[in-house]
Amino acid sequence: MKNNKARFLFVCLLILLSTTVICCPSLVSAEPRDFTPYHKIQGILAEIAATSNRVKVEVIGQSVGGNDLYLVTIASPQVLNKLNYYKWFVQFTVNYPEKARWLVEKGVVDYKATIYIHGSIHGNEMAGTDACLDLIRLLAYDNSDEVQEILKNAIIIINVCANPDGRIANIRQNNNNFDLNRDFITASQPETRLTIQKVFLEWTPLVTLDLHGYMGPDWVLIEPCTPPHNPNTEFDVLIKHLYPMALEMEAALKTINISTVIPYRDWPAEWDDYPPIFTPMYGFYHASYGITFETANWRSPGTIETSIKCHYLGSLAAIKYTVKHKYEMFWGQTEIFLRGLRRGNGRFPYAYIIPVDPKLQVDPLEAVDLVNHLIFHGVKVHEATHPFKIGKTVYPKGTYVVLMNQPRSGLANTILWDGENLSPPPDYGLDLPMYDISGWNFPELWGVTVIPVDQKFHACLKPVKQADYPKSEIVGFGDCYFALKDDTNNAVKMVNRLLAEGIKVYWTIESFNWCGATFRTGTFIIPVKDFWTRRMVYKIAKELHLTLYKVGNVKVGMKPLQEPKVAIVFDSGVSRASYGAANFVLKNLGFKVDTINYAAIRRGALQNYDIVIIPDGTNTTIANRLGSVGHQKLKEFVEAGGVYLGYGEGGGSLASITSLINVKAIRSGNYGGYNNGVVRINYNPNDPVTAYYPLNGYAFVFFPVWFEAGQGAEVLAKYAEKDLLVAGWWPYYDVTASGQPAIVKGSYGNGTIILMGIEPTFRAHPEVTFRLVANSIFLAASN
């Protein structure tokens, strides 16, 4: 027993000594350091957890690629044994900020500042993960007064490697090719959703540090950001500590001769915190003081060690600042929640109404998805238990209501509002664009009717934890066919499931009426000839909450659909993010998709497919890399009956394709800046590609394209002539793109070319335009 104890103490001493060398910047080994590979992280963390009573390691879930996400909690042993209590107090603070203040002020609660560190969300920005490991070692073993003070006052939560897939592959994105630091408000990826659930909702951290790279070899970037600041956040509260914290981090880095850019102080614009898509900016909506920290470049003449050390020293300085100012920062956090309870101090509506009744709602299924999305993000939603009236409108039982006197009302508003047109006036200058997107409106981009209400009203409401989908219905009279309207994404999923089961599905090429109901071009027709088919159709419709219409032997033009053979191009010049989003969306809709490259096109691989899709990217690079042989193969593919779909600056303006249908593409990049936003679109509802779209609808653009359509080209959608930009940043849109074609189609040989200047699948967010791509595929599958 004594010998075992002696061996254990000896091993601990060795670990302590080796850890000191790694963690203390002044004692770092002269040996060149490399980044820690992902496969070694589990063993490192297990060893630390086994030899320190200050550390808890948990696997909170898996990445797209099936790799574990490790969340490490560090605190004093006494606090570590009472984590559920501290989690409870965090939730109490969110909902009862004034009472939480009183409990802390009177010493009833021994308040601990929760500090969250997000390591390497971009997989090829590796220094963050290694800095996290160094910080864990320091806090796990060091007994200095400095560390003891941290453990006495704080709980440190570290997501060691927020993007395992990217680290393993040495790429920015995850295995779905998504930039996770653009996904927070959409929350389409498991890594993002786990961070929201396990960190921002369970812990609501006081501080969020997001570790990135890289800047120069001898300088770093530390937020806060430049204007504009989103009006749904409480930036005036946050900046009181964000800027002083950044100064403390800067001072720490001066000790190793690293200079610092603080955008808030040093730059006029172009590094803004406007969109809620980034980790720290998303944290703002949970009253977290969030900072993006871009470390020094490790490439020559920098070093890996310097890159890691910058993150290590800067993060440690932020932790020490928080410990020193935890009470003032806690007061600021509770002030943000209090303002939320006061509807953003009166800036927000009294409530938002989200109907699900088909008479009041464009897409009831998307409406339910939006309600559940709000709940997922921590927004409180109620459901009407009885009908209620606002103005002249009576909303039935089951209508959803988002009352805006709630702690996270800023988050609710940024999801439900109409956004802002931030485009500069003509004399502003185009050298100061926004850093990323400036519009993300859920109601318009998810196709949901949402009504803001400013005045107080009376309604009997109950809180809901999950919204229920409407029940599937079978309506009408007729015994020959089922008709399915192509007006929701679930209809696409149903058609793909039916085709996979070998069940025949037809697609109408004109509108028709039956028993008083109108069915537009693009309606799906399902013959019902036997019991098995009827049963399978019922089953799938029920699972997808869809309404089927019984119709008789209608005389309408229709084409049979076959199971589509879809190729999507990914190679040099094609945006990885755009490809990833298109591939992700189409697979979620039930399409079987193959990825091909330029070499495959040159070899003639397109002959195996019905449609080829080239998403956004750099059109000149795509054109050059395809080469003359590749362009010829594309031409032959379309001429033989295939469908080409291209969108955005990449696939939507490929000159060798546009010339085939007498169309000229004009790129907004020629008119300055990072143009993007939510736009009004006038759709042609009589074409199969734009089937069931409203005459006045919406879409999202990112470096938008518009077209000059010559003879023979069909215009399927136009940018609105008036008030084109709903929300976003797009200089000169009113004098360049207003009223211009946004989607065009033309025939070449036996095939079809479809070009879209919009981004129908952008980051898997604009769900209302997913069907434009699906319908293009069905067009190819009906030839």
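Please keep in mind throughout that the model is a predicted one.

Let me begin with the sheet, which is open and built from five strands in the order β14-β9-β13-β10-β15, with antiparallel pairing. At its edges are β14, covering 451-453, and β15, covering 461-464, each of which pairs on one side only. If we ignore direction, neighbouring strands in this sheet are turned against each other by 35 degrees on average. Looking at one of these pairings in detail, strand β9, residues 351-354, is joined to β14 by three bridges, and the two run antiparallel; within that region, Tyr352 stands opposite Pro452 in β14. Across β9, β10, β13 and β15 lies helix α16, made of residues 364-376, and this helix runs at about 140 degrees to β9.

From the sheet I move to the cores. The largest nonpolar core has 138 residues, and the members that touch the most other members are Ile156, Ile354 and Val402. The element that gives the most to this core is helix α13, residues 304-324, with 11 residues. Taking Val402 as an example, and setting aside residues up to four places away in sequence, its contacts include Tyr350, Tyr352, Ile354, Leu374, Val381 and Leu416. Apart from this core lies another one, of 102 residues, and among them are Val528, Trp706, Val744 and Leu779.

Leaving out residues up to four places away in sequence, Thr769 touches Tyr683, Tyr693, Tyr698, Ala699, Ile758, Glu759 and Pro760.

Finally, the helix pair. Two packed helices are described by the angle between their axes and the distance between the axes. For helix α4, residues 83-95, and helix α5, residues 97-105, the axes come within 5 Å and cross at roughly 130 degrees. The two helices are therefore oblique to each other, since angles count as roughly perpendicular only from 65 to 115 degrees and as roughly antiparallel only over 145. On the α4 side the residues involved are Phe89, Phe92, Thr93, Val94 and Asn95, and they meet Pro97, Lys99, Ala100, Leu103 and Val104 in α5.

Definitions and conventions. Residues are numbered from 1 along each chain as its sequence is written. This is a predicted model: local features need pLDDT of at least 70, side-chain atom pairs count only at pLDDT 80 or more; totals for chains, interfaces and linings use all residues. Side-chain values use heavy atoms; hydrogens and water are left out. Two strands pair if DSSP finds at least two bridges between them. Helices (H or I, at least four residues) and strands (E, at least two) are DSSP runs, numbered from the N terminus. Axes are lines fitted to C-alpha atoms, for helices over the stretch in contact, and angles run from 0 to 180 degrees between N-to-C directions. Contact means heavy atoms within 4.5 Å. A nonpolar core is a set of buried Ala, Val, Leu, Ile, Met, Phe, Trp, Tyr and Cys residues joined through side-chain atoms within 4.5 Å. Buried means under 20% relative accessible area, exposed over 50%, partly exposed in between (1.4 Å probe, protein chains only). Angles under 35 degrees count as roughly parallel, over 145 as roughly antiparallel, 65 to 115 as roughly perpendicular and the rest as oblique.
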